[in-house]
Amino acid sequence: MVELRELRPGDASALPGIYTAEAVRYLGRPPMERTEAVFRIRQALAPPVGLPRDHVLGITADGALVGVATLHQRSADGAAVSYLLRPDVWNRGYATLAVRHLLDLARRLGISRVHARHHPDNPASGRVLTKAGFVPTGEHSGFLTYSAVLP
């Protein structure tokens, strides 16, 4: 069973297994180490007061943390989504499910437009976005861009 939930302090040991070299190769960042994982979870659990927040959710399958999906709220009515999965669970529909969940969360928050992007060499991410309801909008800074307008 696949579920999305808030991250927990105990998830720090699982995050480096998600943010592996293979998983982050198109993100322009190094793999995650445990120290960064602890910091990221603390940040997610204590967002800055008065600023738009990131809603960081863990993706679990059969109780194990296998990915992270984030709604990056940029303004009262605009946001972006991001997601990352452990390579051993790719192509199972988990990312699409997570993005759909993030869009539902955006609707509940009154957000009307959500953006996303992916590296051109990662077409699987584009398929996730279109299955979840995004439409391609072009290219910006070397990334393919997408948008979803929410009712």
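H4 and H5 cross in a right-handed manner (the near helix is turned clockwise from the far one by less than a right angle). This is a predicted model: local features need pLDDT of at least 70, side-chain atom pairs count only at 80 or more, and totals for chains, interfaces and linings use all residues. Residues are numbered from 1 along each chain, and side-chain values use heavy atoms, without hydrogens and water.

**Helix packing**
- The axes of H4 and H5 lie 9 Å apart, at an angle of about 45°.
- Ala95, Thr96, Val99, Arg100 and Leu103 of H4 meet Val128, Lys131 and Ala132 of H5 (heavy atoms within 4.5 Å).
- These contact residues comprise five nonpolar, one polar and two charged.

**Largest pocket**
- Its volume is about 1000 Å³.
- The lining has 39 residues, with Leu27, Tyr83, Leu84, Asn122 and Ser125 nearest the centre (lining residues have an atom within 4 Å of a point on a 1 Å grid, in an open set with protein on both sides within 12 Å along at least five of seven lines, probe 1.4 Å).
- By class, 19 are nonpolar, 11 polar and nine charged.

How values were computed: Grid points are joined across faces, edges and corners, and a volume is the space filled by probe spheres set on the points. Ala, Val, Leu, Ile, Met, Phe, Trp, Tyr, Cys and Pro count as nonpolar, Asp, Glu, Lys and Arg as charged, and the others, Gly among them, as polar. Axes are lines fitted to C-alpha atoms, for helices over the stretch in contact, and angles run from 0 to 180 degrees between N-to-C directions. Helices (H or I, at least four residues) and strands (E, at least two) are DSSP runs, numbered from the N terminus.
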